[in-house]
Amino acid sequence: MNSRLTQIGFSQRVRLEWLERTANLVLAGNDEASIYNALQELLEDKLSVGGNAKRGNREKVITILMKIWVRPPRDLHPLQREGLKLLSHLPREDHIAVHWGMAMAVYPFWGAVAAHVGRLLRLQGTASHAQVRRRIMEQYGQRPTVKDAVRRVLRSMVDWKVLRDAQTHDARRKGGTYVPGLSLAIAQVELIAWLAEAFLHAHPNGSVALRTVLDSTSLFPFRLSPISADHLVAVSGGLDVLRHGLDQDLIMLRTESLPAAKGGGS
């Protein structure tokens, strides 16, 4: 089993503009050392102010930013290259979907939190921190690190404006209740195909029904336009389709896409 699926990793509150800045530094052709220094400068007055601890919050956030856009795991290099390409030509308001997909592929923990949030929002219109934390701890274990990471991912999602704090005067509700925020319609076929690929990297199943991906609660801020599996595969170098019965198309990662994507570096 892919070890990424059991790790937390995403343990800090990460702002969307920090990911955007990191991706822009990569697109501008900067090397790793320059990007690291630029991120230190960017976050100097925002995190671990006045400190340079090796494992301070600033260092941890930079590690997350670098792992998502600068040095992702080897099997995600093709996804990262395609993601950067999308960022270079998509309108600015669509960039959130690319950062979301890459965060989920590199850190499936992000996708796991999102899936529970999205499910609760779909069922009851709200999601509480306590409900999400309980479900995630059943999945990842009763560890303080899990508890802290859930809180930070939820606060990141508020920063990204896909969740909003519920204004409640109900004394029985203890803060930490969220309602849906930004909801983005996505019709661009290349982006839908790329998100489907990111989804598959974040989930252990080898193949999954296309409908499952398009309706996934882990992509709750996005409304993906209906699309056929054939169309999806036609625009994606990383996906294959598997016919399953008359009306069920399964999509899966194309295994030969890894060796084929050797050109270009990251």
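Q: Which sense of pairing do β7 and β8 adopt, and over how many bridges?
A: In this predicted model, β7 and strand β8 (residues 248-253) pair in the antiparallel sense over six bridges. Two strands count as paired if DSSP finds at least two bridges between them. Strands (E, at least two residues) and helices (H or I, at least four) are DSSP runs, numbered from the N terminus.

Q: Which residue in β8 stands opposite Asp240?
A: Met252 in β8 stands opposite Asp240.

Q: What is the strand order in that open sheet?
A: The open sheet has three strands in the order β5-β8-β7, with antiparallel pairing. Because β5 (207-209) and β7 (239-244) stand at the edges, each with a single partner strand, one side of each is left without a neighbour in the sheet. The twist averages 35° from one strand to the next, where axes are lines fitted to C-alpha atoms, for helices over the stretch in contact (heavy atoms within 4.5 Å). Angles run from 0 to 180 degrees between N-to-C directions.

Q: Which helix lies across these strands?
A: Helix α9 (residues 189-202) lies across β5, β7 and β8, and runs at about 70° to β8.

Q: Changing topic, which strand does β1 join?
A: Strand β1 (residues 127-128) is joined by two bridges to strand β3 (residues 177-180), and the two run antiparallel. Ala127 stands opposite Tyr178 of β3.

Q: And how many bridges pair β2 with β3?
A: Strand β2 (residues 163-165) pairs with β3 over three bridges, in the antiparallel sense. Tyr178 in β3 is the bridge partner of Asp165.

Q: What conventions apply to numbering and confidence?
A: Residues are numbered from 1 along each chain as its sequence is written, and side-chain values use heavy atoms, with hydrogens and water left out. Local features need pLDDT of at least 70 and side-chain atom pairs count only at pLDDT 80 or more, whereas totals for chains, interfaces and linings use all residues.
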